[in-house]
Amino acid sequence: MSDEKKPKELGRGKRATSIRNRLQFSISVLTGVTALTLALIMCIMNITNTLSNLEDEMMVMAEITGDRVSKELLATVRVVEELGLLESLSDESVSAEEKQEIINQRVDAYGMIRGKMINADGICEYDGADYSDREYFQRSMQGETVIADPVFAKTDGVLSVIISAPVWQGGISGSEVVGVVFLLPSQNILNDIADSIKVSENGGCYMLSSSGVTIAHTDESIAEAQENTIELAQTDSSLRSIASLESKMIQGETGYGIYTYGGSTKILAYAPIPDTDGWSVALNAPIMDFMGPTIVSGLVAVAVAAVAIAIGIYTARKIGRTIGIPIEQCSSRLVLLAQGDLHSPVPEIHTQDETRVLAEATGSLVQSMRTLIQDADHLLGEMSRGNFAITADKENYYVGDFHGLMESMRKLNHRLNDTLKNIIETVEQVTLGANQMAETAQGLAEGATDQAGAIEELQATITNVTNIVEESAKSLGESYKLAKQYEQQAVTSGSEMKDLTQAMERINETSRQISDIIEEIEDIASQTNLLSLNAAIEAARAGEAGRGFAVVADQIRKLADDSAQSAIHTRQLIETSLQEIEKGNQITERTYQSLMKVVDGMEVLAQESQKAMENSNTQAEAMEQIEQGIDQISSVVQNNSATAQETSATSEELSAQATSMNDMVAAFKLR
């Protein structure tokens with residue numbers, strides 16, 4: 001027997017050691033994988049957040065830079081357009097020197113380099129230079145204000161931005177273009193803006209024209225070279241990634257991208273420059289300028305992961321020893337117990353975790369087996385006194401010499417139990433039936449009484465509901481009458497609104513007739529002005545004798561001018577009135593349509609009110625029928641209540657007889 005026991009103990013010991021090793025290995029691997037995964041996720045999230053924030057910030061900076069360039073150029077545009085509206089620049093009696101002096105005053109006042117006026121033939125009358133081949137001259141002669149791409153100036157050969165505008169005849173915008181005036185702001189205006197934008201330590205800013213030519217750059221030499229990266233990329237493959245982004249720039253897009261050039265990965269944010277001829281601005285910087293904190297956080301995450309792995313391995317070894325050794329001891333004791341050993345000591349575990357619970361459970365099991373054997377005499381004594389309800393809960397532990405004892409007690413218990421079982425089952429069925437009948441009859445009587453009370457309350461509630469439905473029907477009738485009245489008022493308002501529309505149309509026609517009269521007044525003023533001019537000429541011919549007549553002619557001419565100005569002002573007022581009248585007609589028409597919709601809505605409301613009133617009347621009739629049905633149900637429930645009380649009395653008598661029979665068999669306690 002001892003020879004067979006030893007191999008089993010060795011086998012159990014190996015399994016306990018294996019559990020400890022597997023537990024240590026599993027915890028170590030889990031800790032390492034978790035720590036490395038968290039470190040990797042942290043690094044990825046830091047890089048992703050850095051790139052996302054960088055994209056948002058650089059795109060915002062690109063848009064702000066574009067707005068800044070636009071605003072600085074628009075200041076010069078307004079000055080040039082004001083010059084084009086000066087009557088003196090279109091007046092042929094004003095000399096070229098005087099015109100140039102007017103322009104120079106603006107140049108000095110706004111801190112610009114220079115400015116000139118070009119006649120319709122493309123010649124600057126002040127210095128004789130020919131600008132007819134310049135695109136900005138040709139476009140401005142068509143009435144357009146132009147912010148030209150930077151070109152090399154003919155005067156000094158410096159790359160400059162030229163802003164030109166048409167010179168209008170008589171200073172009236174929209175009249176005949178008689179020349180072009182242009183100004184040159186600071187020649188470094190674009191480069192200065194580009195140089196002032198600091199994205200990062202190695203970042204920069206540059207601007208492109210609509211054709212992709214670099215017109216401004218942090219490095220001024222690149223702007224002066226007029227480089228076009230899109231064209232250079234056709235022969236230089238290293239420029240293709242940035243050329244792809246610049247192709248989107250010149251199409252007026254706002255965006256963000258990453259490219260590689262010269263072995264360095266860079267980021268590029270770009271945006272169009274508003275109010276220019278397709279210009280765009282770009283901000284670029286090496287991506288490593290922004291990755292310093294991200295790299296540091298990644299190294300910190302790796303270091304934390306390494307520390308976590310070391311702690312995890314140490315903790316795994318400690319847990320393995322703490323759990324594995326107690327399990328091994330308890331499993332050995334359970335093997336002895338399974339072999340029938342009730343005397344060997346139980347291992348003592350002093351930890352404060354589940355292993356202590358396991359050791360205590362093992363000791364309790366051994367003690368239970370010992371108690372089971374000692375309790376066998378007690379079980380037989382109880383059966384001898386008529387108690388057959390005792391069972392062996394631990395039957396599988398009756399091994400060895402105790403097996404015969406278990407079989408003897410089982411046979412004795414089963415034979416006596418079967419003898420009394422039929423008697424007890426019959427008594428129990430009678431008792432159960434009597435109790436159930438008594439309880440059912442009593443519950444039926446109580447339920448019938450409760451139903452009668454509930455039906456009375458329901459009957460009162462239905463009466464109240466019937467009254468409410470009748471009141472609702474009356475209220476809906478009143479609502480239908482009011483809806484019809486409001487409908488009639490809305491129809492009347494629609495008719496009055498239509499009359500208002502017709503009156504507005506008559507006012508509009510009268511204003512047009514007044515406008516025609518104003519045109520006749522303007523013609524009369526023009527003829528009067530011509531007559532006064534002729535009279536002044538004749539008075540001049542008459543010499544001294546015609547001086548008085550000349551004074552009268554001059555006054556007539558002034559009166560004609562005043563009349564013409566008044567007529568023009570009156571025309572403008574009438575045109576404004578016509579516009580306002582037209583708006584009033586539109587508003588009146590919309591108001592009329594809205595009133596018509598209100599009329600239709602009131603008609604629908606009246607119809608729905610009538611339907612609701614009819615439904616309420618129908619509901620009132622139905623509630624009266626329900627009330628009659630409730631009266632019939634109340635009578636039936638009262639009859640059921642009386643019957644249930646009689647049944648309850650009969651059931652109580654049967655239950656008393658069943659109780660007497662139970663007392664007779666109570667002396668036996670069966671399984």
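What follows is a walk through the sheets, helices and cores of this protein, as seen in a predicted model.

Some ground rules come first. Residues are numbered from 1 along each chain as its sequence is written, side-chain values use heavy atoms with hydrogens and water left out, and the model is a predicted one. Local features need pLDDT of at least 70 and side-chain atom pairs count only at pLDDT 80 or more, while totals for chains, interfaces and linings use all residues.

As for confidence, the protein averages a pLDDT (the predictor's confidence in each residue, from 0 to 100) of 76, and 77% of the residues score at least 70. Helices (H or I, at least four residues) and strands (E, at least two) are DSSP runs, numbered from the N terminus.

Now for the open sheet. Five strands make it up, in the order E8-E7-E11-E10-E9, with antiparallel pairing; two strands count as paired if DSSP finds at least two bridges between them. At the edges sit E8 (214-217) and E9 (255-261), each pairing on one side only. Neighbouring strands here are turned by 25° against each other on average, direction ignored; axes are lines fitted to C-alpha atoms, for helices over the stretch in contact, and angles run from 0 to 180 degrees between N-to-C directions.

Going through the pairs, E7 (residues 204-208) and E11 (residues 280-286) share five bridges, and tyrosine 206 has alanine 282 of E11 as its bridge partner. Seven bridges link E10 to E11, where isoleucine 267 faces alanine 285 in E11. E9 and E10 are also joined by seven bridges, with tyrosine 256 opposite alanine 269 in E10. These two strands form a hairpin with two residues between them, and glycine 262 in the turn has a positive phi of about 65°.

Helix H5 (residues 189-196) lies across E7 and E8, at about 50° to E8. Helix H8 (residues 240-249) packs on the sheet as well, touching E7, E9, E10 (264-272) and E11, and its direction makes about 155° with that of E9. Which residues of H8 are buried? They are Ile242, Ala243, Leu245, Glu246 and Met249, where buried means under 20% relative accessible area, exposed over 50% and partly exposed in between (1.4 Å probe, protein chains only). These residues are on the same side of H8 because they cover an arc of only 160° around the axis, the arc being that of the directions from the helix axis to the C-beta atoms. Their cover includes helix H7 (229-232), along with E7, E9, E10 and E11.

Elsewhere, strand E6 (residues 177-184) is mostly covered, with seven of its eight residues buried. E6 pairs antiparallel with E1 (residues 114-119) over six bridges, and arginine 114 stands opposite leucine 184. Six bridges also join E6 to E5 (residues 163-168), again antiparallel, with isoleucine 163 opposite leucine 183.

Finally, the cores. A nonpolar core is a set of buried Ala, Val, Leu, Ile, Met, Phe, Trp, Tyr and Cys residues joined through side-chain atoms within 4.5 Å. The largest has 43 residues, and Leu73, Leu183, Leu190, Met207 and Trp279 have the most contacts inside it. Helix H1 (residues 2-84) gives the largest share of this core, nine residues. A second, separate core of 14 residues includes Tyr131, Tyr136, Met141 and Val180.

Conventions:
Contact = heavy atoms within 4.5 Å.
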